[in-house]
Structure formats: structure tokens, C-alpha cells
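This report goes through one protein model for a reader who has not seen it before. It begins with a single residue and then widens to the whole chain.

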Amino acid sequence: MKQYIIILIFLLFGINSFSQYERKYIRSGNKNYKKEEYNNSEVEYQKALLEDSSSLAANFNLGNAYYKQNKFDLAVQKLTESLNLCDNKNEKASIFYNLGNTKLKQAQNLLKQGNAKEVMKKVSESIEAYKNALRNNPADNDAKFNMQIAKEVLKQLKEQQKQQENNQDSQNKQQKDEKENKNQGNQQNKDRDQGKNKDSDNDGIPDSKEKNEDNSGKKQNPDTDKDGKKDFEDTDSDNDGIPDSYEAGDNPENPKDTDKDGIPDYRDTDSDNDGIPDSKDPDAIPKAMKISDEDAKRLLQYMQEKEKETLKKANLKKAKGTKVKTEKDW
């Protein structure tokens, strides 16, 4: 993180812009931060905010203190609030840079859970933060460096997911072919041949089922996720990121309803009623959308190696007497 900003922001604003107590608490927090007593610095910055909740220095420094304690959600919150208080382009660049670092740290934690969708979201957000840092300060080579790392991580994640999805598609096709071959000649296939069991979105669930034609008591032709596509035309009817073909279960003619609430899984955003949305529930996400332990470990190792490379790069610059940010870690 960019520690030098902690002192710089304070000096930029000048003594007159701070109340006596606010200035005292920020100075105390800075001293604790320099001594790596981040919990104590957090307390002091919070005291400063009690004096003036609109203090840019206190909000920004508190965000950095949270980051140092691995409280990344709180760090994002405070850094975002800092942006709303800041007009100076160089300062904005530094805030966006720290925000990008924090988003990458969040992605690292999510990697351990194997949720590819959330990891890619956080990495994408980090890339956008670095882009904003460069929009405010095009000369920030550190932001360029970390953005390239984030882009490489995102590329690898997408390649892994595509390969897993291709494998899953092949497996699903094989299972579907086997099932159709096994059921050849029965009435179900006759109906399908006659168009009675048409499946417009090819998710295995008959259109008649998705249109609720067999249940006049329910809304006809529903659009569960309100995206403009009717369920019988939508491969992800509840927009939870999990294909209907997976959530329908082994017998799409009678779609799976895990929690027995009368709403089939492909229309239920919390299919097991455990309070965790399916989009974030490891139990609900198919293997094709999860990162394997081996891939997660490899990506974590890659990110950690790049983190060390960034630190080494900063230390080399410092040794040569070049003016640089005193710390570079994400």
C-alpha cells in the first residue's frame, strides 16, 4: 500500500483545515502505523473521524489500516468514501491504486473457496481500479505493473473455466445422448418427435413445463429473472449463474426442487433454503463453475510470487536512491 500518502495528505491539507483534536488523532495514528501497530492506528483514525467524518486523511488512512489487518471489506468501504472526498488527481490515483490492491486481496481469499465467478468479479474490479488510477496519473508505473498481473490472473481464470465448461458440456451431451438412446421408442420420444415436448432453449426442460401449461394455477409464460426472456427461452431462468440444465437435475421432465418449497431449483435463487444465494453457495455451484484445488493453489502461488516481485522492485529502486513509494504489496 502507499504509505507515503498517509503523511502527504496531512501536509497537503494544512493545519487550519483540521480541528485540534482531529490533527492530534491523525498524528498519533500515523505514528502507530509507522510502528506497524495497525490496530492502534485504526483506533486513532476512528477518533479523528468522530471529530470530522469528512476528513479525507482520516478516511484514507483508516482504509490503509484496515488493509494491513486483512479487513479488506472495510478497507474497500473507507477507500471508496475517500474518493468521494477527493478532488486532487494525484491523490485520487493513489486511492484507486490502493483500491485495486485491496480487490486483488479479496480475490485471493475467494480463490481458497473455489468460486470462479466471484474471483473473476473481484479481479475485474481491481483492473478497473488500476485503470482509474492511470486515468488520474498516467505515469504511475506501479499501477500499470499490477494491472498486468491482474489481467494475467483473469485470463488464466477464464481459460480454466472455459475448459471446465467444455468438459461439462461434453459430459452432459454424452449423458443426454445415452438417455435418449435408452428411451427410444417410448411415448416421451414420440411426443418429442411430434413437437409436443418442444425445448426451445435446449436445457432439457420441456417448454410446456417452463410455460406452466400443466398448471393453470400458476402464472403462464413466466420470466422469473425479469430479463425480458421467458423461462422457456432462457438457459438461466433465475439468473444465479447456474445453467437450468444443471439445476433441473437428472430428470428435467420433473425438475428438481431441493428444498421442497414448490419452486424448482432452476427458478429458486436459494434452492436449498440455507440463507446463502445459489450464486455464492459452494453446494449449489456445479463443478464446471468452480476452481479445482490444484488450479486455485497454482493461481495463489502465481499471485504471491508477483507480490514478492513487486516488493523486490520497490526495494531495488529505494536502494538506488530513487524517490519511490515506500511499500508495494497487494
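Leaving aside its neighbours within four places in sequence, which residues is Asp265 in contact with? They are Asp238, Glu247, Lys256, Asp257, Thr258 and Ser271, where contact means heavy atoms within 4.5 Å.

The model is a predicted one, in which local features need pLDDT of at least 70 and side-chain atom pairs count only at pLDDT 80 or more, while totals for chains, interfaces and linings use all residues. Residues are numbered from 1 along each chain as its sequence is written, and side-chain values use heavy atoms, leaving out hydrogens and water.

Asp265 sits in the loop between helix H11 (244-247) and helix H12 (293-319). Helices here are DSSP runs of H or I with at least four residues, and strands are E runs of at least two, numbered from the N terminus. Asp234 is in the loop between helix H10 (207-210) and H11. Buried means under 20% relative accessible area, exposed over 50%, and partly exposed in between, with a 1.4 Å probe and protein chains only. A salt bridge is a side-chain nitrogen of Lys or Arg within 4 Å of a carboxyl oxygen of Asp or Glu. For charge, Lys and Arg count as positive and Asp and Glu as negative, with His and the chain ends not counted. Both residues in the table are buried and have no salt bridge.

| Residue | Nearest side chain of opposite charge | Distance |
|---|---|---|
| Asp265 | Lys256 | 4.7 Å |
| Asp234 | Lys229 | 4.3 Å |

Outside four places in sequence, the contacts of Asp234 include Asp201, Asp203, Glu210 and Lys229.

**Overall make-up**

The protein has twelve helices and zero strands. Of its 330 residues, 46% are buried. Among contacts with a separation of 6 or more, 57% are between residues 24 or more positions apart.

**Helix H2**

Helix H2 covers residues 20-34 and spans 22 Å from its first C-alpha to its last, close to the 21 Å expected for its 15 residues. That expected span is 1.5 Å times one less than the number of residues. Among its buried residues are Tyr25, Ile26, Gly29 and Tyr33. After H2 comes Glu36, which has a positive phi near 65°.

**Aromatic pairs**

There are three aromatic pairs in the structure. Rings of Phe, Tyr and Trp (its six-membered ring) pair if their centres lie within 6.5 Å; planes under 30 degrees apart count as stacked, over 60 as edge-to-face and the rest as tilted. Tyr33 and Tyr38 make an edge-to-face pair, with 5.1 Å between centres and 70° between planes. Tyr33 has a relative accessible area of 2% and Tyr38 one of 13%, so both are buried. Tyr67 and Phe72 are also edge-to-face, because their planes are at 70°, with centres 5.6 Å apart. Tyr67 is buried at 2% relative accessibility, and Phe72 is buried at 6%.

**Nonpolar cores**

A nonpolar core is a set of buried Ala, Val, Leu, Ile, Met, Phe, Trp, Tyr and Cys residues joined through side-chain atoms within 4.5 Å. The largest holds 28 residues, and Ile95, Leu99 and Val119 are among those with the most contacts inside it. Helices H4, H5, H6, H7 and H8 each give at least two residues to this core. A second, separate core has 15 residues, including Ala48 and Tyr67.
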